[in-house]
Structure formats: C-alpha cells, structure tokens
Amino acid sequence: MATLVLDNGAYWAKIGYSQDKVSVIPNCQFRSKTSRLKTFTANQLDEIKDPSGLFYILPFQKGYLVNWDVQRKVWDHLFGKEMFKVEFPDTSIIITEPYFNFSSIQESMNEILFEEYQFQSALRINAGSLGAHRYFTTKPSELCCLVVDSGFSFTHIVPYCRSKKLKEGIRRINVGGKLLTNHLKEIISYRQLHVMDETYVINQVKEDVCYVSQQFYKDMEIAQMKGEENTVMRDYVLPDFSAIKKGFCKPREEMVFSGKYKTGEQTLQLANERFAVPEMLFHPSDIGIQEMGIPETIADAVQSLPEEMHPHFYQNIVLTGGNSLFPGFRERLEAELRSLVPAHLPVNVFLPENPVCYSWEGGKLLAHSPDYDEMVVMREDYEENGHIICEEKFDI
Amino acid sequence: SPLGGSGQVWIIRSGSDAGQRRVLDEATRQRRLTRQLEALEKDNFQDDPLSSLPPPGPTARLPAFKKKRRKTRGDHFKQRFRKNFTTLLEEENLSERAEPNYLSAAAPPSSLPPRLFCCVCGFPSHYTCTTCGGRYCSSRCLLTHRETRCLKWTL
C-alpha cells in the first residue's frame with residue numbers, strides 16, 4: 001500500500017510518493033507556435049525546443065479547479081506509466097484543494113478520485129493545513145501558527161490553532177504570481193518590447209531579476225540615476241532559443257552603461273520594474289486593486305481572533321508558495337509587521353528552505369503519522385454513503 | 001531633468017485646444033480600470049495556436065478512437081465539469097449561506113492612501129492627466145501618454 005501526496009496547485013503540481021522525494025511539475029497543458037497540432041502535457045514542456053509564444057491551458061481559474069478535461073489529462077499523465085505508475089486499488093492519495101472550495105467542485109473531486117481513478121482511499125485537505133502540520137512537527141511546543149500561502153492565483157492568510165484552521169481569520173488577497181507576471185509583461189510591452197505573448201519567458205525574467213525592496217522610495221531614487229550610479233538597473237538577455245537557450249541577467253561587470261552592446265542579443269533594461277512588480281503583494285492599491293497588502297491583512301486577520309492568541313500568531317508566521325522566493329520578501333514582511341503590531345509583541349516570520357514544497361513535505365509527514373488512517377475516506381465508505389461522508393470528514 | 005538639461009522649454013502639442021480637450025467622466029474611468037484589471041487575469045494574450053489551423057480536409061485522418069473512460073455517466077457528467085469560475089461561484093449561492101465563506105474571506109480595502117505612479121515610466125507621480133485621470137511625472141511622460149495611450153484602448 002502506497003500513499004501518493006499531491007499538492008495540486010494552479011501552476012505547479014507537487015507530487016511524489018510519501019516514501020520518496022517530491023517532483024515539481026507544471027499542472028497544465030501547453031501548445032507551441034512551432035508544433036501547433038501537438039498538445040504537450042505537464043513536464044512534456046521539456047520537449048519543447050522553442051517556448052516562444054507558448055500557449056498555456058490551465059485547469060484552474062482564479063485558483064479554483066474548473067476545467068476537469070484538462071486536469072484529467074494532466075493526472076492521466078502523472079498517474080500513468082511514464083510517471084508515477086499508480087496502482088489505484090493499493091494507493092491512498094492526499095490531495096490539496098483551495099480554501100473554501102466550492103461544494104460542487106468538492107463533489108466532482110470525490111467522483112473523479114473514487115469513481116474514475118478508484119483510489120483505495122483519499123484525504124482532501126488544504127495545502128496550508130499540510131504546511132501547518134509540517135511546522136508543528138518541527139516546533140511541537142507552539143500552539144498556533146499563521147500560514148501565508150502566496151502562490152500563482154492569490155495569497156491566503158490562514159491562522160491555525162492546535163492544527164485546526166480558524167475559518168473566521170482566513171483572508172484572501174487576489175494578488176498572485178500570475179498577476180505579477182502579467183503586469184510585468186504589460187509594462188515591458190509598453191516601455192520597451194512587445195512581450196504580451198511571452199508568458200514563459202517573462203515569468204523567467206520575473207524570477208531572475210525581481211526582488212522586494214527594503215527601502216521603496218530610496219530604491220526609486222536610485223533607479224532614476226544615470227550610468228553606473230544606477231545600481232538597481234540590470235540588463236536581461238532574452239533567449240533566442242538557438243544560440244541562447246535560456247534568458248539570463250548580465251552581470252554588472254559586463255554591462256555597457258552608454259551606447260549599445262556589440263553582440264546582437266536582445267536585451268531588456270529593467271530598473272524600477274525589478275522591485276515595483278513584487279510590491280503589488282504589499283500594496284495591491286499600486287495597481288488599483290482595492291485590497292490590503294500582505295502585512296496589513298495579517299494584522300487584520302489576527303485582530304479578528306481572540307486576544308490571547310495574538311502573540312502566538314505573530315511569533316509563528318510561516319511563508320509558503322512561490323512568491324515567498326523573491327529576495328527580501330521575508331525581511332520586508334517582518335519589518336512591515338513590526339511597525340503594525342503592538343511593540344510588546346514579538347514578531348517572527350519563518351521562511352522554509354523550500355517554500356514551494358513545504359506543504360508537500362507536510363503531506364509526507366502526515367502519511368506516516370499514526371492518525372492518518374482515521375483521517376482518510378475509504379472508497380467503500382464513499383460508495384456506501386456518498387458525498388456526505390467526505391463532507392463530515394474533510395475540513396475544506 | 002524633465003524640462004531638458006540645458007534649460008529648453010518643452011512645447012506640448014496636444015493636437016487640440018486645451019479648452020476643447022475631451023474629459024472622461026468617472027464612470028468611464030472606472031470601466032477602463034476594471035477592464036485593465038480583468039486583462040491581468042488572462043492566461044494568454046495570443047490565440048490558441050490550434051485554433052488558427054485550417055479545418056482538416058476530406059482526406060485528413062481523424063484521430064483514433066480513445067479508450068473508453070470508466071463509469072462515465074454521459075452528458076450530464078461532462079457538462080458539470082465544464083462550467084466556468086463565475087458560474088460555479090454563483091451556484092454556491094454564498095449570499096444565502098453562513099459566513100465565513102469565500103466572499104467574506106476577501107481582504108478588505110487598505111486604510112493606507114494609495115501610492116501614485118507615472119503610467120508611462122512607473123516612477124512616483126505628482127500630476128494627473130486632465131483627460132483620462134492617468135498619472136504622470138513630467139511633461140515628457142505626459143507627451144508620451146497623450147500620444148500613445150490617453151484616449152486609446154490600453155492593451
């Protein structure tokens with residue numbers, strides 16, 4: 001009997017057996033300009049020689065799983081003989097869902113897992129709960145933690161007390177990696193070069209050059225300076241997929257500050273874009289979204305909960321999700337919170353070694369815990385009782 | 001310096017008399033902002049490469065019949081799996097349901113005043129375009145704005 005842990009994200013699927021390590025695989029299909037007839041699924045992305053103008057087909061919309069045709073195709077590939085070779089009657093699955101997942105989607109999930117794939121048993125759970133489980137395992141003396149899950153679709157603030165999530169304290173900010181990449185595409189397209197079709201390439205640019213500023217207006221001043229004084233400016237060499245397979249940031253020693261480069265490469269000049277884009281996580285109003293940023297939302301969420309819990313939350317803030325990988329993210333969040341939170345309360349923001357896989361690692365631990373067998377729903381239970389048994393057992 | 005390093009004066013040719021310049025009302029400005037934000041939600045800006053192919057001719061080979069899925073229940077089953085996000089959210093009927101739920105979890109508006117940036121270069125802005133409400137930082141950026149974006153569809 002094996003347990004498959006699948007953190008089913010809107011961009012990345014983090015998947016692996018509980019005895020093995022995790023694989024991070026795109027949870028979508030792709031089509032390319034060059035081979036238009038073929039649809040590439042998940043990690044078949046690696047087979048695409050020229051990802052320019054890459055077309056994405058995502059099963060998720062606004063963070064919720066709506067396109068089952070596409071999701072099934074991805075899962076067929078992941079569960080199939082080329083990847084994890086799942087023996088369904090002997091496999092239990094831990095699978096993640098978004099917070100407040102719609103009941104119709106939850107029911108579809110039950111049907112797909114039990115009736116179509118026919119897993120032996122299943123546990124449907126929020127990714128944050130797995131992250132909290134991972135955190136409490138390393139810090140067993142702590143009673144509460146606050147998971148900040150900032151991924152592709154949105155950012156959630158989820159308070160946990162003794163492994164149970166406090167629903168009244170959950171907050172959702174509609175800013176995620178997708179928004180950041182699209183905004184970066186838009187401003188580059190307006191200011192320098194038309195890249196609206198180049199999601200794959202610009203996403204790479206974002207991951208390579210963007211950072212969270214610790215001194216926003218100061219960085220803005222530096223970014224306006226000319227020549228070598230502008231320590232913020234970077235030149236990014238775009239891939240051409242023949243000589244240059246992958247884009248990269250030119251090191252400062254090689255940068256030409258006046259005039260053009262002699263080699264024929266296409267470059268982007270990025271200055272305030274580098275830190276203004278991730279700033280949207282801290283100030284969604286920068287772009288016209290009328291929502292609080294992450295620090296303010298954390299304070300708002302904690303304020304809504306009983307006062308005796310406040311210190312416990314502020315001391316145990318856990319960052320998960322791809323956006324926490326921006327350099328400077330953790331430090332900036334801690335600094336902002338420090339100025340928002342009453343002075344006598346300590347603030348501690350923890351960035352795991354691998355924030356993208358942290359929840360998956362929690363799933364791995366959970367699969368081996370003695371409580372696991374009580375938490376799952378067996379296929380026979382579902383066939384006998386229907387959706388109601390899942391509603392009672394799973395806390396989504 | 002935005003006014004030219006050697007003390008030149010920029011002459012802004014707007015193409016029409018300042019007094020006759022069109023001014024967009026608040027509702028229109030709000031609609032433009034909403035459209036911009038919706039555009040940021042798109043997965044792709046280009047069309048599906050597959051959709052631009054011509055339909056197969058009469059001699060084209062059709063794909064082989066796929067292996068039948070286990071326990072599919074026909075059309076009803078498939079229809080439910082194709083609804084979009086907005087439909088599914090409406091069907092949840094959350095306004096009738098108890099909180100906390102998806103809608104109540106939305107982060108409230110910020111108490112902090114919004115920061116304003118030039119819509120051309122992205123640096124801090126102190127001025128507003130009288131026509132469309134777009135922000136700018138200097139007369140050079142205002143000129144670019146008027147020529148490229150002001151009364152045109154942004155993206």
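The model is predicted, so local features need pLDDT of at least 70 and side-chain atom pairs count only at pLDDT 80 or more, while totals for chains, interfaces and linings use all residues. Residues are numbered from 1 along each chain as its sequence is written, chains are lettered from A and ligands numbered from 1 in the order in which they are written, and side-chain values use heavy atoms, with hydrogens and water left out.

Let's begin with the whole chain. Chain A holds 14 helices and 20 strands, taken as DSSP runs (H or I of at least four residues for helices, E of at least two for strands) and numbered from the N terminus. Of the 396 residues, 63% are buried, meaning under 20% relative accessible area with a 1.4 Å probe and protein chains only, where exposed is over 50% and partly exposed lies in between.

Now turn to β12(A), where all seven residues are buried. On one side sit A:T155, A:I157, A:P159 and A:C161, and on the other A:H156, A:V158 and A:Y160. In general, side chains in a regular strand alternate between the two faces of the sheet.

Which strands pair with β12(A)? Two strands count as paired if DSSP finds at least two bridges between them. β11(A) pairs with β12(A) in the antiparallel sense over seven bridges, with A:L146 opposite A:P159, and a hairpin of four residues joins these two strands. β14(A) is antiparallel to β12(A) over three bridges, and here A:I157 stands opposite A:R171. The hairpin between β12(A) and β13(A) has two residues, and A:R162 in the turn has a positive phi of about 50 degrees.

A helix packs against this region too. Eight of the 10 residues of α8(A), residues 294-303, are buried, among them A:I294, A:I298 and A:V302. The buried residues of α8(A) pack against β11, β12 and β14 of chain A, as well as α9, β18 and α10, where contact means heavy atoms within 4.5 Å.

Elsewhere, an open sheet of three strands runs β16-β15-β17 in chain A, with antiparallel pairing. Its edge strands, β16 and β17, each pair on one side only.
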